Amino acid sequence: MAENNRSWISSLAAVGSVAAASLCCLPILPLTLAAGGAGAAWLTASKFQPYLIGLSAVFIGYGFWQAGRAKQCGVQRRILNFGLLSLSALLTAGVIFFPQAIANRLAPSAATATEQNAAAIASAEQLREAFNAAPASALKIVALYSPT
Amino acid sequence: MNDALKKLDPTGARTRVFTVWEKVLQSDGEPPIAATISRVSRPNSLQFWDPERTVSKQAFGETDEDSVAWDCLYIYPANTRWASGAKAPAHNFTARPVVDRMDEFEQALAVALQ
């Protein structure tokens, strides 16, 4: 479900990019690159994530700069530019700072940890009991991670 | 981690993995989604969501923000029982990011499984 939503969002973003390309005076390139960077950062939990996030921020900044110097555009078009850029900046910030929350909102049926096979834990005692309940002959591995 | 485990213990019969997802970063407000969980999903293994970082505090000696047990792996040999408090692991991989230490992890795992 999450993957479907992500594909759907990617498709929508692509259509939006094409539609935006038909308009003049819009900071198409920086918007597309910023969205692409943020999207890629969201979809990949790799060591490239910080770089992709940084790129998104740079392109949004570049978009604002480009929009600010597009004096030949009408007032309404400039307002639209800044509106789109601001929205893009907000979405990118959301992806950067609240990736899990956004993912959970976009894919509510994808199940959170407590609904899938991960139980909420209130004490290390629960882990200790599970650890000791495992077969003695098994090698045990404890992994501590952040979801994001 | 999953790659090494799939390679060295494909059926999951010889290992048990206990994954604890902790709230560490500002962006960790909510439990991990299924896609996140599936990254470390193994047969016969358990995953926990620990928003208060109780495991880090009660079992791994977290006393302040600098001592959070996070992004780390601990390997315990067979027949280890966890009596109380923190256990000294046979091997620990605590230098972040732990993903950069997967070669060492695989080697340690291979030795431990011999």
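Student: Which residue stands opposite A:V142 in β1(B)?

Tutor: Good place to start, and keep in mind that this is a predicted model. A:V142 faces B:F18 of β1(B).

Student: How many bridges link β1(B) and β2(B), and in which sense do they pair?

Tutor: There are five bridges, again in the parallel sense. One example to find on screen is B:V20, whose bridge partner in β2(B) is B:F48.

Student: How many residues of β2(B) are buried?

Tutor: Four of its five, which leaves the strand mostly covered. For chain B as a whole, 49% of the 114 residues count as buried.

Student: What is the order of elements along chain B?

Tutor: Starting at the N terminus, the order is α-β-α-β-α-β-β-α, which gives four helices and four strands. Of the chain B contacts between residues at least 6 apart in sequence, 55% join residues at least 24 apart.

Student: Back to the two chains. What area is buried between chain A and chain B?

Tutor: The general idea is that the size of an interface is often given as the accessible area lost when the parts come together. Here the figure is about 4700 Å², with 62% given by carbon and sulfur atoms. Chain A brings 46 residues to the contact and chain B brings 58.

Student: How many salt bridges and polar contacts are there across it?

Tutor: The salt bridge count between the chains is zero. Polar contacts do occur: 17 residue pairs, both partners at pLDDT 80 or more. On the chain A side, the elements giving two or more residues are α4 (75-97), α5 (99-106), β1 (118-120), α6 (124-133) and β2 (139-145). By class, that side has 30 nonpolar, 11 polar and five charged residues.

Student: Let me pick α6(A). Which of its residues are buried, and what covers them?

Tutor: The buried ones are A:A124, A:L127, A:R128, A:A130, A:F131 and A:N132. Their cover includes β2 from chain A, along with β1, β2 (46-50), α3 (54-59) and β3 (72-76) from chain B.

How values were computed. Residues numbered from 1 in each chain as written. Chains lettered and ligands numbered in written order. Predicted model: local features only at pLDDT ≥ 70, side-chain atom pairs only at ≥ 80, totals over all residues. Heavy atoms only, no water. Contact = heavy atoms within 4.5 Å. Buried area = accessible area lost by both parts, 1.4 Å probe. Salt bridge = Lys/Arg side-chain N within 4 Å of Asp/Glu carboxyl O. Polar contact = N/O pair within 3.5 Å; in protein donor to acceptor, adjacent residues only side chain to side chain. Nonpolar A, V, L, I, M, F, W, Y, C, P; charged D, E, K, R; others polar. Pairing = 2+ DSSP bridges. Buried < 20%, exposed > 50% of the residue type's maximum accessible area, 1.4 Å probe, protein only.
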